[in-house]
There are 2 protein chains.
Amino acid sequence: MGRKKTEPGLSMKLVGSLAGVSAMTVSRALRDPGAVSDAVLERIRAVIDELGYVPNRVAGSLSSNKTTQVALVVPSLRTAIHAEMIQGISDALRQHHFQLMISDCGNSMALEEAQIRGYVAQRVCGIILHNTRHSEAALRILAGAGIACVETGDLTRQPVDSVVSYSNAAAGAAMAAHFVEAGYTRIAFASLPVKNRERIRALRQGFVTGLRKAGIVVPPALRLEVEPGMQGGARALSTILETAPRTQAVLFAGDVLAAGAVFECQRRGIPIPAGIAIANSDDGELIQNMVPGVTAIQYPRYDIGVRAARIVIERALGRQSGPVVQDVGFSVVRRGST
Amino acid sequence: MGRKKTEPGLSMKLVGSLAGVSAMTVSRALRDPGAVSDAVLERIRAVIDELGYVPNRVAGSLSSNKTTQVALVVPSLRTAIHAEMIQGISDALRQHHFQLMISDCGNSMALEEAQIRGYVAQRVCGIILHNTRHSEAALRILAGAGIACVETGDLTRQPVDSVVSYSNAAAGAAMAAHFVEAGYTRIAFASLPVKNRERIRALRQGFVTGLRKAGIVVPPALRLEVEPGMQGGARALSTILETAPRTQAVLFAGDVLAAGAVFECQRRGIPIPAGIAIANSDDGELIQNMVPGVTAIQYPRYDIGVRAARIVIERALGRQSGPVVQDVGFSVVRRGST
DNA sequence: TTGTATGCGTTATCAA
DNA sequence: TTGATAACGCATACAA
């Protein structure tokens, strides 16, 4: 019966015994140094330093029923737009000594569910999800976990809990308004396949609807769906030039596609915007610096990360209880490409 | 004495009592379903499903003294080259149901040390570090933790434990050989400030030394250090054109700088490579697709991530004990820019 | 195949 | 300011 005694490893008990105090006092010394007398504190610190003792937070978490780990699930770890948000989350978490767990799930609800299950098992104190569609099981797990959950990908009307985002549909409409104002009438849209990509669908919907209100129709043949990567953007441009050579302007959903299209124009010697105007759904360093600079929608990605992290932290610290909805907005930045 | 009884929360004990078995049997059912009779297994699963029970891995980790969390510390979360490696790590970890914790530390050893301390407190089963210089305290903590540590940024000669990388110095030398072969003699190098950036220093050293062996000197004034971002690359190019207009070729350390330089050439109407040749230390989607394509050194970033993760996993699973050193190599990919 | 006893290292609570 | 005690929820070791 019982358990074989393995080598005990360092513990507060050991530190305490070497410092002439109880384990409890060591615990206090580490979490609230002010609650311990200076002499004792110094002895404890000396022992810890001598031993190279690092407290076991697994045990601490079990005992206190609290953790400082926050989980993030993004569609992809490779994407620059997520990198901005991740940096924001990471920076905000670090300030409060919280830690970040991260994974990607593409557009798969099943994969997202598996990740969520793993994080809840790990008893993270909060979860940030970029996608806004979730499996029934995932929703049940999240509801049962009783932790903060922040969605960041779209200003969804039925949040799991909290949301920090912007309206993709409104962004599409804003870009439509820009195209109208610029006087374009023969317009195309290019993106990855919209199936299982709610955000892109919303963006396209907002764009197409906005144009229609101005009397401009984007025919289905000019709502292109291409493969990922810069070659996808190049292909979209080629297709447009071949099937509808009089097209004046294209909105791309994603900097990789837009960049691919701009490079294709350079290869073909087509001037931008005189030959064709190009805009992108997402601003970023590349988009800004290309020649010409590409008109794009600017979202405060870093700020979204910071805000999402703060919501989780506040909740974990017990300072805030209810769901929060924050619309961070966006702006259309016009550059030389339109 | 004792602790007030809070609401107990779900546990294996509860699940077991509802299924008519002991907590231990529930534990077995979850970790090794084959060790439990079918009837019992089914009852347990039904109860778990009914309750929405998610096992508490914090408790499990404390009891077994094992975790499935792996930590990664990179200089920056924003960089595309790290994104590739991160994706590789993430994919490899997921296969074995390990989880990834991540943070960035810039080039600060102090910050890295703080991160390491936090991860060891969390009892991660392995740590992957991109930087190869560490504080004394960090080294002590790592030594005491008794877990795998894999460095990925350079093929350092004094690894903490394991290494999966390539030689930055050799890469620089290879690019020097390419420049020599291409017939360039008036050559420049541009990077971020090398202070506290060992990898860049090694690359430059390899490059400059390689050229010198061919009788080509890169004067100090043409070893530029610029600010981060594409504007840094643009500035480097401008400076070179103004101070040494006869320069034939430049090696940039980093795709952002190289891209900035290419864009600057486009703005100025300088043809590449006829006006000036440009190469980059890092291959990537942008570098490949620019017009013209940029000659670059290709490292198997994704593969580095996969290998590093596997080393950690093998060690955590007890299948492998000793340090591993893997030189993944690199290759120079020549494109239109040189 | 299943159960019992015990301990993992910490923290909450109360007593001194 | 410090200590004693009892949990936290699970897995190890052994017994049945």
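Reader: Where in chain B does Asn65(B) lie?

Author: Asn65(B) sits in the loop that runs between helix 4 and strand 1 (69–74) of chain B. The model is a predicted one.

Reader: What makes the phi of Asn65(B) worth a remark?

Author: The phi of Asn65(B) is positive, about 60°, although the residue is not a glycine.

Reader: Why does Asn65(B) count as exposed?

Author: Asn65(B) has 11 C-beta neighbours inside 10 Å. A residue with 12 or fewer is called exposed, so Asn65(B) belongs to that class.

Reader: Is Arg123(A), in turn, to be called exposed, partly exposed or buried?

Author: Arg123(A) has 19 other C-beta atoms within 10 Å. Arg123(A) is placed in the loop between helix 6 (109–121) and strand 3 (126–129) of chain A.

Reader: What makes strand 1 of chain A mostly covered?

Author: Six of the six residues in strand 1 (residues 69–74) of chain A are buried. Gln69(A), Ala71(A) and Val73(A) point one way from the strand, while Val70(A), Leu72(A) and Val74(A) point the other way, and all are buried. In a regular strand, side chains alternate between the two faces of the sheet.

Reader: How do you know that strand 1 and strand 2 of chain A pair?

Author: Pairing requires at least two bridges, and strand 1 and strand 2 (residues 99–104) of chain A share six, in the parallel sense. Val74(A), for example, stands opposite Asp104(A) in strand 2 of chain A.

Reader: Why are strand 7 and strand 12 of chain A called edge strands?

Author: The sheet in question is open and has six strands of chain A, in the order 7-6-8-9-10-12, with mixed pairing. Strand 7 (223–225) and strand 12 (331–333) each pair on one side only. From one strand to the next, the twist averages 20°.

Reader: How many bridges join strand 6 to strand 8 of chain A?

Author: Four bridges join strand 6 (residues 187–191) to strand 8 (residues 249–252) of chain A, and these strands run parallel. In strand 8 of chain A, Phe252(A) is the bridge partner of Ala190(A).

Reader: Which strands of the sheet does helix 11 of chain A touch?

Author: Helix 11 (residues 255–268) of chain A packs on the sheet and touches strand 6, strand 8 and strand 9 (277–280). The direction of helix 11 makes about 160° with that of strand 9 of chain A.

Reader: What makes the peptide bond from Val291(A) to Pro292(A) cis?

Author: Omega of that bond is near 0°, and the bond is cis. Pro292(A) lies in the loop between helix 12 (285–289) and strand 10 (295–298) of chain A. In chain B, the bond from Ile272(B) to Pro273(B) is also cis, with omega near 5°. Pro273(B) is found in the loop between helix 11 and strand 9 (277–280) of chain B.

Reader: How does the radius of gyration of chain A stand against that of a compact globule?

Author: A compact globule of 338 residues would have a value near 20 Å, whereas chain A has 26 Å. Along the principal axes, the C-alpha atoms of chain A fill a box of roughly 85 × 40 × 35 Å. Buried residues make up 52% of chain A.

Reader: Why are the two copies said to be related as by a two-fold rotation axis?

Author: Chain B can be laid on chain A with an RMSD of 0.0 Å by a turn of 180° and a shift of 0.0 Å along the axis. The copies are thus related as by a two-fold rotation axis. Of the residues of chain B, Met101(B) comes closest to that axis, at 2.1 Å (C-alpha).

Reader: How do you know that the copies meet through the same surface?

Author: Of the interface residues of chain B, 100% are also interface residues in chain A, so the surface is the same. The contact takes 45 residues from chain B and 45 residues from chain A. Helix 5 of chain B gives the most to the side of chain B that touches chain A, with seven residues. By class, this side has 20 nonpolar, 15 polar and 10 charged residues.

Terms used: Residues numbered from 1 in each chain as written. Chains lettered and ligands numbered in written order. Predicted model: local features only at pLDDT ≥ 70, side-chain atom pairs only at ≥ 80, totals over all residues. Rg over C-alpha atoms; globule rule 2.2 N^0.38 Å. Buried ≥ 20, exposed ≤ 12 C-beta atoms within 10 Å, placed from the backbone. Contact = placed C-beta atoms within 7 Å. Helix = DSSP H or I, 4+ residues; strand = E, 2+ residues; numbered from the N terminus. Nonpolar A, V, L, I, M, F, W, Y, C, P; charged D, E, K, R; others polar. Least-squares fit on C-alpha atoms with pLDDT ≥ 70 in both. Axes fitted to C-alpha atoms, helices over the stretch in contact; angles between N-to-C directions.
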